[in-house]
Amino acid sequence: MRPSSPQDREPIHKPWIWIVLGAIILVSVPWYWPPGTVHPLVLGVPLWALVAAVGSVVLCGYLSWVCATQWGGDDGEEE
């Protein structure tokens with residue numbers, strides 16, 4: 001087994017991060033609803049706006065988690 005390099009800890013090298021990111025973005029933008037559909041109000045907010053807001057919160061949480069746990073960092077080493 002080869003030693004892990006700092007580049008291995010970069011999120012760009014992990015395809016599952018990009019797949020989840022794309023899925024969250026696709027679900028959080030309600031483009032998939034038929035045009036002209038009348039959506040109900042939920043607590044006084046249009047359903048499409050609620051879906052977009054919840055998607056934004058989920059996206060922010062996911063990106064924060066990726067930055068905190070999946071990103072390399074210096075691992076205590078000094079330059």
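**Figure 1. Gln70 and Lys14 are joined through their side chains by a polar contact of 3.0 Å.** The structure is a predicted model, in which local features need pLDDT of at least 70 and side-chain atom pairs count only at pLDDT 80 or more, whereas totals for chains, interfaces and linings use all residues. Residues are numbered from 1 along each chain as its sequence is written, and side-chain values use heavy atoms, with hydrogens and water left out. A polar contact is a pair of N or O atoms within 3.5 Å; within protein, one atom must be able to donate a hydrogen and the other to accept it, and residues adjacent in sequence count only if both atoms are side-chain atoms. Gln70 belongs to helix α2, while Lys14 is placed in the segment before α1. Helices (H or I, at least four residues) and strands (E, at least two) are DSSP runs, numbered from the N terminus. Gln70 has a relative accessibility of 14% and therefore counts as buried; Lys14, at 18%, counts as buried too. Buried denotes under 20% relative accessible area, exposed over 50%, and partly exposed the range in between (1.4 Å probe, protein chains only). The side chain of Gln70 also makes a polar contact of 3.3 Å with the side chain of Thr69.

**Figure 2. The largest nonpolar core consists of five residues: Ile17, Leu21, Ile24, Tyr62 and Val66.** A nonpolar core is a set of buried Ala, Val, Leu, Ile, Met, Phe, Trp, Tyr and Cys residues joined through side-chain atoms within 4.5 Å. Two or more residues of this core are given by each of α1 (15-28) and α2 (47-70). The largest share, three residues, comes from α1. Apart from neighbours within four places in sequence, Val66 is in contact (heavy atoms within 4.5 Å) with Pro11, Ile17 and Trp71.

**Figure 3. Helix α2 packs against α1 through its buried residues.** These buried residues of α2 are Gly55, Tyr62, Val66 and Gln70. The helix has 24 residues and spans 33 Å from its first C-alpha to its last, close to the 34 Å expected at 1.5 Å a residue; the expected span is 1.5 Å times one less than the number of residues. Val58 also lies in α2 and, with a relative accessibility of 42%, counts as partly exposed. Val58 and Ile24 are 34 residues apart in sequence, and their C-alpha atoms are 7.6 Å apart in space.

**Figure 4. The rings of Trp31 and Tyr32 form an edge-to-face pair.** A search of the whole structure finds four aromatic pairs. In the pair of Trp31 and Tyr32, the ring centres are 5.9 Å apart and the planes stand at 80 degrees, so the arrangement is edge-to-face. Rings of Phe, Tyr and Trp (its six-membered ring) pair if their centres lie within 6.5 Å; planes under 30 degrees apart count as stacked, over 60 as edge-to-face and the rest as tilted. Trp31 is exposed, at 56% relative accessibility, whereas Tyr32 is partly exposed, at 37%. Elsewhere, ring pairs link Trp16, Tyr62 and Trp65 into a cluster.

**Figure 5. Leu43 has a positive phi, near 55 degrees, although the residue is not glycine.** Most residues other than glycine have a negative phi. Leu43 is found in the loop between β1 (41-42) and β2 (45-46). With a relative accessibility of 86%, Leu43 counts as exposed.

**Figure 6. His39 occupies the loop between α1 and β1.** The relative accessible area of His39 is 25%, so the residue is partly exposed. Leaving aside neighbours within four places in sequence, His39 is in contact with Trp33 and Leu47.

**Figure 7. The protein as a whole contains two helices and two strands.** From the N terminus on, these elements follow the order α-β-β-α. Of the 79 residues in the protein, 15% are buried. Among contacts between residues at least 6 apart in sequence, 60% join residues at least 24 apart. The protein exposes about 6300 Å², of which carbon and sulfur atoms supply 70%. Accessible areas come from the Shrake-Rupley method with a 1.4 Å probe; for residues, only the protein chains shown count as cover.
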